[in-house]
Amino acid sequence: MRVTAIGCTALLLLAVAACGGRDGGGATTGGTAASGQCAGQQTTGITDKSIKLGGIYPLSGPASAYGDIPKGIKAYFDYVNAEKNGIGGRKVEFVVRDDGYQPPKAVEEARRLVEQEQVFALFQTLGTPSTSATWDYTNQRKVPQIFVATGASKWGSDTAHPWTIGWQPNYISEARVYAAYLKKEKPEAKVAVLYQNDDFGKDLLGGFKRAIEGSQVKVVAEQSYEVTDPSVDPQMRNLAESKADVLLNVTTPKFGSQALAADAKNTKWNPLHIVNNVAASITVLKPVGFPNVQGVVSSTYYKDPNDPTWASDAEMTLYKEKMKQYAPGADPNVPYHTFGWAVASSFHKAMEAAACPTREGLRDSVRNLKGVQVDMLLPGVTLDTAQGDGFPIESMQLMTFKGERWELFGDVIDTRKEFGPLTG
């Protein structure tokens, strides 16, 4: 699948390298490099008129709900291209590939985007398994892998992959927020955990266990599932037998819906249900039936298009208007579209802040973000990175489901301040 905001029509490069320039992998290819103060830096995929980006998403398969994200991204880039003359005068071309949430396919698509499409950067590779499978390749090629759509903690703590960085709050910090909530509201909670059996699930579960150490909150049951499993009903039956009074649901959308439905059907077990952020979209809850998900708890960091709090918010108004204009077949009330808009806006800010319009310039810019405001993020949530801190967003707010929408409660929690820096 190819999603193109505008064709890459410019013929003149930002700077022309001498013959025998080096590509990201260090091979002599006759590739492009910048000159002047940016001399020797890579300009593959960027000209004075265009930027070419590549995204990898599960448009098919068990995590296909995430296929809504690039629709929001495309709408943002279409809007900026048509009405803002692109980013720094450069129109954005966004090429999207489908990996079906299969790591080997993600590697194949990453190679295609880098070697055949000659993208400037990979902007968003979705999923911890797929990004884990591709980051060695992108870093060897010295291709920016920017704002990956996964909250694994290693994107911010690893020092061997400087070209890869996350965006959303990492799973360990998210787990810390749930742990702090339980320690305050249910200090003797007995927790049952359903989690995806990969780096994503283990990262959040591990962070939760560490965060409850020394408290009376206990994990009393754990059940994992594979992304190839048809259902998590057996796991939910096993967890119900634990009689836990809290269920921590660490799943992707398909399995999140299944777990919520299984919980609703079992009237003999009524735990406080905490669903992790990546499965908290209205599109996950709606098939279960809103009466069946009342009181479910989660956390967030960007504005919910269904929340009347933002009805007159300038950015939300702009988003809904431009989604209707540039993505008329997409429902602007789907939060995954809003996520896409927010992350595209974040890329815009990072690219504008780059000292050099090069791959190296983008790599350095995303690791030197200082209080950058993105209007689709919650008030009080900013992009912040620094040497030794590769986590752009580390603040979030708890929310509970009431009626037909999520309601925020409490204050925005800066996990850096509340729990200390996360180094691994």
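User: Buried area is the accessible area (1.4 Å probe) that two parts lose on being put together, summed over both. How much do domain 1 and domain 2 bury between them?

Analyst: Keep in mind that this is a predicted model, where local features need pLDDT of at least 70 and side-chain atom pairs count only at pLDDT 80 or more, while totals for chains, interfaces and linings use all residues. Residues are numbered from 1 along each chain as its sequence is written, and side-chain values use heavy atoms, with hydrogens and water left out. Carbon and sulfur atoms carry 58% of the area that domain 1 and domain 2 bury between them, and the total is about 1,300 Å².

User: Where do the two domains sit in the chain, and how far apart are their C-alpha centres?

Analyst: The bounds come from an automatic or database domain assignment. Domain 1 is made of two pieces, 43–168 and 309–393, while domain 2 runs over 171–300. Between their C-alpha centres the distance is 28 Å.

User: How many residues does each domain bring to the contact?

Analyst: Contact here means heavy atoms within 4.5 Å. Domain 1 puts in 18 residues, and for domain 2 it's 19 residues.

User: Which residues make the salt bridge across the interface, and which helix gives the most to domain 1's side?

Analyst: The rule (a side-chain nitrogen of Lys or Arg within 4 Å of a carboxyl oxygen of Asp or Glu) finds 1 salt bridge between domain 1 and domain 2. Lysine 154 pairs up with aspartate 199, their closest N and O atoms being 3.2 Å apart. On the domain 1 side that touches domain 2, α3 (128–140) and α11 (335–353) each supply at least two residues. With 3 residues, the one giving the most is α3.

How values were computed. Helices (H or I, at least four residues) and strands (E, at least two) are DSSP runs, numbered from the N terminus.
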